[in-house]
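I opened this structure to look up a few things and wrote down what I found. The entries follow the order in which I looked.

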Amino acid sequence: MDYKNDIKYRKETLKKLLFNIQKYEDLIIKALYDDFKKPAFEAVLTETNYVISELKNTIKNISKWARPERVFPSILNFPSTDYIYKEPYGNVLIIAPWNYPFQLALCPLISAVSAGNKVVLKPSELTPNTSTIIAKIIEKSFHINHVEVIQGGIEVSDKLLAKRWDYIFFTGSVTVGKIIAKAAAENLTPITLELGGKNPCIIDETADLKLAAKRIVWGKFINAGQTCIAPDYILIQKSMKINFITFLIEEIVQAYGKKPEKSPDYARIINTKNWLRLMSMIEPEKVIFGGESNANEFYIAPTLVEEPGLESPVMQEEIFGPILPVLIYESESDIDKVISKYEKPLAFYIFSENDSFTKKMILKYSFGGGCINDTLIHFSNKRLPFGGVGHSGIGAYHGKLSFDIFSHHKAVVKKANWLDLPMRYAPYKDKLKSIKRLLDWM
Ligand code: NAD
């Protein structure tokens with residue numbers, strides 16, 4: 001079991017994992033439904049199929065990614081050949097959240113394994129059915145001394161964080177992200193933090209309103225709004241508001257019917273704590289659509305809130321649920337007043353046909369990633385880095401980048417012996433001019 005040095009072994013274990021995920025796919029989908037009624041379609045699109053595709057891509061490319069990479073040498077070192085070796089960090093801890101509990105546990109795990117690490121995964125305690133099937137699949141795919149799942153809540157996290165790790169990969173809230181960063185700092189352990197934020201969605205007067213409404217309703221209410229990159233709030237040009245709200249309502253009804261509670265395509269809030277947190281954000285006098293709820297079912301209808309003040313509860317923190325505030329702007333300084341009130345968001349969306357406006361917004365604001373004229377879809381391109389900036393996270397992953405973040409990149413210069421230029425050696429007398437000329441020339 002030489003997972004550190006034997007690429008073939010890593011590939012074989014990942015193939016076994018692929019086999020087991022495909023074998024147990026129905027059970028994974030059922031577990032996700034039992035945990036918070038995640039619709040099967042969403043479970044396949046955003047969890048099982050996503051992981052399978054990441055796994056296939058990794059298996060296909062692992063040999064190429066793991067190979068020492070030859071880079072162009074510096075003329076100063078002539079004659080030499082220069083390489084970057086990809087060295088596994090060693091022992092990796094992965095702590096996962098509950099909102100995409102399968103995907104956000106398995107994707108970093110696949111990458112950590114592909115890079116040759118030993119892994120401990122702690123899935124979320126809030127999705128016990130999914131965490132149990134994850135543990136079963138991992139047990140069937142890996143030797144326990146290679147990859148292990150440890151289930152539990154904060155106490156278990158605390159115990160794990162008290163140990164020394166070579167890398168920690170965390171996905172979750174900003175508050176817990178800070179706890180992870182502090183624990184990692186004890187041993188100067190490198191980390192990736194995939195966190196959240198308040199993601200703006202700007203709509204200007206040139207936008208295709210109907211299409212914007214459709215794409216926003218999809219991105220906001222998938223997983224009942226419990227998506228780290230869901231649009232958090234709308235900022236729309238004042239004159240477009242009434243029409244846009246009409247389209248939003250039409251699209252919600254089209255997607256989930258007049259009674260979303262009965263829709264098989266609409267998930268539930270994860271638990272009482274989050275249900276109460278979200279309910280406390282809804283000010284009934286501001287609700288223009290939705291607002292219905294059912295405590296027994298952890299249900300909250302897709303809810304539109306009109307022009308809440310920046311001091312209102314819904315504008316204090318990341319919503320992370322099916323409540324969509326619609327704010328208006330008249331000038332760019334109105335936009336700035338709202339966006340600059342919050343930390344750098346994980347995602348940023350603009351609906352506009354005006355290229356200079358979209359470019360200006362993208363250059364002006366710092367954010368993890370985003371889309372023009374759509375929502376969420378930047379997540380799905382393996383060639384794009386996925387991660388936050390500032391409070392929305394540290395580091396980014398997906399595709400080859402995931403392999404790279406779990407590898408230490410070791411620089412090695414192999415110097416040839418057939419030539420040994422005397423220039424760099426002391427005594428330096430009479431050499432300064434020549435070295436300056438050489439450096440200027442380079
Ligand atoms: P969370 O931070 O509460 O929990 C995440 C993990 O940390 C869980 O495994 C949990 O057991 C553990 N944990 C909780 N409290 C802890 C503590 N005090 N000490 C140590 N470990 C602790 O997050 P969550 O509620 O599971 O997920 C929601 C948050 O995650 C949202 O803010 C969302 O934006 C963010 N998120 C980010 C991404 C991303 O890719 N950037 C993806 C999903 C969710």
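**Entry 1: a buried asparagine**

I began with Asn-223, which counts as buried because its relative accessibility is 0%, under the 20% cut-off. The model I am reading is a predicted one. I found Asn-223 in the loop between α8 (209–221) and β9 (233–237). I then looked up its backbone: phi is about 60°, a positive value, although Asn-223 is not a glycine.

**Entry 2: another positive phi**

I turned to Phe-298, a residue other than glycine whose phi is positive, near 55°. Phe-298 sits in the loop between β11 (293–294) and β12 (299–300). Is Phe-298 buried or exposed, or in between? I put Phe-298 down as partly exposed, because its relative accessibility is 25% and the class runs between 20% and 50%.

**Entry 3: the whole chain**

I stepped back to the protein chain, which has 442 residues, 50% of them counted as buried. I noted 14 helices and 20 strands in the chain. The C-alpha trace spans about 80 × 55 × 35 Å along its principal axes. I also looked at how far apart in sequence the contacting residues are. Taking contacts between residues at least 6 apart in sequence, 72% join residues at least 24 apart.

**Entry 4: two domains**

I looked up how the chain is divided. Domain 1 covers 7–195 + 390–409, and domain 2 covers 200–381. I noted that domain 1 is written as two stretches of the chain. The C-alpha centres of domain 1 and domain 2 are 29 Å apart.

**Entry 5: where the domains meet**

How many residues of domain 1 are in contact with domain 2? I wrote down 19 residues of domain 1, in contact with 22 residues of domain 2. The size of an interface is often given as the accessible area lost when the parts come together, so I looked that value up next. Domain 1 and domain 2 bury about 1800 Å² between them, and 58% of this area is on carbon and sulfur atoms.

I then went through the polar side of the interface. Between domain 1 and domain 2 there is one salt bridge. The side chains of Lys-37 and Glu-297 form a salt bridge, with N to O at 3.2 Å. The count of residue pairs in polar contact between domain 1 and domain 2 is eleven.

Next I asked which helices supply the side of domain 1 that touches domain 2. I found that α2 (25–36) and α3 (40–66) each give at least two residues to it. The largest share comes from α3, with three residues. By class, I noted seven nonpolar, eight polar and four charged residues on this side of domain 1.

I moved to Asn-117, in the loop between α4 (103–114) and β4 (118–122). Asn-117 has a relative accessible area of 0% and is therefore buried. What does the side chain of Asn-117 reach? I found the backbone oxygen of Phe-406 at 3.0 Å. A polar atom of the Asn-117 side chain also lies 2.9 Å from the backbone nitrogen of Gly-90. Leaving out residues up to four places away in sequence, I listed what Asn-117 touches, including Tyr-3, Pro-88, Tyr-89, Val-92, Ala-112 and His-146. Gly-90 and Phe-406 are on that list too.

**Entry 6: a glutamate in a strand**

I looked up Glu-148, which belongs to strand β5 (residues 147–149). Its relative accessibility is 30%, so Glu-148 counts as partly exposed. Apart from neighbours within four places in sequence, Glu-148 is in contact with Val-119, Val-120 and Leu-121. I also noted its separation from Glu-353: 205 residues in sequence, and 49 Å in space from C-alpha to C-alpha.

**Entry 7: cis peptide bonds**

The bond from Phe-78 to Pro-79 is cis, with omega near 0°. I placed Pro-79 in the loop between β1 (69–71) and β2 (80–88). Ala-426 and Pro-427 are also joined by a cis peptide bond, with omega about 0°. Pro-427 lies in the loop between β20 (407–415) and α14 (432–441).

Notes
Residues are numbered from 1 along each chain as its sequence is written. This is a predicted model: local features need pLDDT of at least 70, side-chain atom pairs count only at pLDDT 80 or more; totals for chains, interfaces and linings use all residues. Side-chain values use heavy atoms; hydrogens and water are left out. Domain bounds come from an automatic or database domain assignment. Contact means heavy atoms within 4.5 Å. Buried area is the accessible area (1.4 Å probe) that two parts lose on being put together, summed over both. A salt bridge is a side-chain nitrogen of Lys or Arg within 4 Å of a carboxyl oxygen of Asp or Glu. A polar contact is a pair of N or O atoms within 3.5 Å; within protein, one must be able to donate a hydrogen and the other to accept it, and residues adjacent in sequence count only if both atoms are side-chain atoms. Helices (H or I, at least four residues) and strands (E, at least two) are DSSP runs, numbered from the N terminus. Ala, Val, Leu, Ile, Met, Phe, Trp, Tyr, Cys and Pro count as nonpolar, Asp, Glu, Lys and Arg as charged, and the others, Gly among them, as polar. Buried means under 20% relative accessible area, exposed over 50%, partly exposed in between (1.4 Å probe, protein chains only).
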